[in-house]
Amino acid sequence: MTQTAVDHKTYEAVIGLEVHVQLKTNSKLFCSCETNFGSIPNSQVCPVCTGQPGVLPVLNKKALESAAKVGLAFGCAINRHASFARKQYFYPDLPKAYQISQSDQPLCLDGAVTLTQGGTPKVIRIQRIHMEEDAGKLLHAIGSVELPYSLVDLNRSSIPLIEIVSHPDLSSPDEAYEYLSTIKAMIQFIGVSDCDMEKGSLRCDANISVRPIGETTLGTKVEVKNMNSFRAVKDAIVFEINRQIEAIRGGERINQETRLWDDTQSATFSMRSKEEAHDYRYFPEPDLVPLNLSEAWLAEMKASLPELPTERKARLVSQLGLSDYDAGVLVSQRELVDYFENGLATLAADKKGRIAKPLVNWITTELLGRLNEENKDIAASPMSAPHLTELVDLVQSGAINGKMAKDIFAELYSTGESPRSVVEKKGLSQVSNEAELIQLIDQVIAENPKIVQDVKAGKEKAIGSLVGALMKKTKGRANPQLANKLLKERIETASSGAKG
Ligand SMILES: [Zn+2]
């Protein structure tokens with residue numbers, strides 16, 4: 001299916017996202033079992049998270065705090081009397097045959113995410129953020145060998161999650177992508193989840209419908225699941241919008257259904273129609289009393305929030321004079337802006353402003369370029385922030401030139417040595433010693449009488465070839481600004497001396 005075949009002028013898409021985020025805690029949501037990823041199946045289970053009779057759930061305080069912090073960061077109102085409910089359904093990965101979730105009393109209500117990449121800022125409303133426990137995991141194959149039965153791993157059962165539900169305010173795959181990226185960055189700043197889609201600590205389902213532009217009622221919505229990367233979310237939405245528009249134009253009716261995204265076929269396939277879908281019945285969880293959160297506790301949560309991306313960006317712009325764009329790139333990832341600021345912190349205060357911009361350039365081009373080639377992220381950078389900052393400082397102070405810096409960058413990157421020691425060891429530092437340069441300049445003047453005549457006659461540009469000759473003598477190590485200045489001075493002295 002090609003995009004050109006589809007009529008995007010007459011139809012518009014309406015998209016809402018449900019994002020599940022796994023909270024980083026040492027123990028599960030209602031028991032003390034560990035939460036390590038990739039452990040031996042069923043090694044992190046107990047009577048509570050395997051749903052044995054007679055056990056009682058106890059709410060994990062840290063998970064509650066983390067969920068509230070996320071709500072506050074997105075500007076939600078925190079429901080001080082939030083409560084838990086049982087979401088009833090049967091599935092082999094759910095030993096209790098219900099999931100403890102929140103229904104009509106979720107923890108957080110009415111937040112927002114502001115998108116900026118489309119030019120004019122657009123606010124995407126968050127309907128609610130609620131807490132719930134994860135289900136277990138079914139294994140249908142071991143490696144590539146299909147099993148004639150399914151295995152159940154309950155390590156994941158009852159791991160704490162939050163579900164962030166947006167209003168259907170998104171209208172394109174790009175907006176969905178930016179919304180997800182913004183949520184991920186924000187949660188990483190707060191530090192309550194690593195938001196790794198590949199490990200399942202961030203999952204996203206999309207509700208998608210289309211309607212003729214100008215129509216106010218919503219079209220029939222289709223739920224799309226099984227996207228395992230941000231890219232897949234975007235691709236699945238593109239596919240689904242096109243599929244629905246083509247179906248409507250072909251006179252078909254859109255079925256309300258759940259569809260699964262297939263990454264290898266780049267298409268969605270019907271999983272179940274709404275008629276067959278679960279009719280969840282919620283009822284209040286009798287084993288957990290409703291919360292009773294104090295104002296003081298809420299104030300404490302608010303105060304414990306770190307500096308969030310928008311504030312941090314504003315500070316970088318005002319304190320360091322970075323452009324909005326550069327600061328925006330840095331705060332798109334907590335680890336990136338931390339790297340930058342950790343580097344800058346090693347400099348004396350009067351240098352920070354001068355080094356900031358070149359340091360951003362070195363990070364975003366040289367360093368990220370190299371890391372991308374190796375499929376690493378900034379946290380795994382073999383080159384430390386203080387070392388990269390030292391290298392940039394050496395360039396800015398004139399000790400080495402930009403070309404030399406690029407040459408030794410590669411070496412520093414793999415050896416982890418300090419830039420200053422490499423420069424000294426290799427004798428790479430620029431010749432900035434005046435006496436040494438003057439001696440060489442006088443040789444250049446003596447060897448190039450014709451060019452010196454030209455310079456004296458007012459051909460300013462001719463001095464370039466004298467600088468070139470000097471560079472040859474120093475193997476490119478003369479400090480160019482100083483060389484230029486001294487050359488002019490020596491020619492002047494020489495000519496005034498001749499006159500006198
Ligand atoms: Zn347990």
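A residue is called buried here when its relative accessible area is under 20%, exposed when over 50%, and partly exposed in between, using a 1.4 Å probe and protein chains only. This is a predicted model, in which local features need pLDDT of at least 70 and side-chain atom pairs count only at pLDDT 80 or more, while totals for chains, interfaces and linings use all residues. Residues are numbered from 1 along each chain as its sequence is written, and side-chain values use heavy atoms, leaving out hydrogens and water.

Let's start with the aromatic rings. Rings of Phe, Tyr and Trp (its six-membered ring) pair when their centres lie within 6.5 Å; planes under 30 degrees apart are stacked, over 60 edge-to-face, and the rest tilted. Five such pairs turn up across the whole structure. One of them joins Phe 30 and Phe 84, which are both buried; their planes meet at 85°, so the pair is edge-to-face. Elsewhere, Trp 362, Phe 409 and Tyr 413 are linked by ring pairs into a cluster.

Now to the zinc ion. Its donors (N, O and S atoms within 2.8 Å of the metal, or 3.2 Å for Na, K and Ca; water is not among the atoms, so sites may look incomplete) are four cysteines. Their spacing along the chain is C-x1-C-x12-C-x2-C. Cys 31 and Cys 49 are both buried.

Here are the two sites side by side:

| Site | Residues | Distance |
|---|---|---|
| Zinc ion | Cys 31 (SG), Cys 33 (SG), Cys 46 (SG), Cys 49 (SG) | 2.2 to 2.3 Å from the ion |
| Aromatic pair | Phe 30, Phe 84 | 5.8 Å between ring centres |
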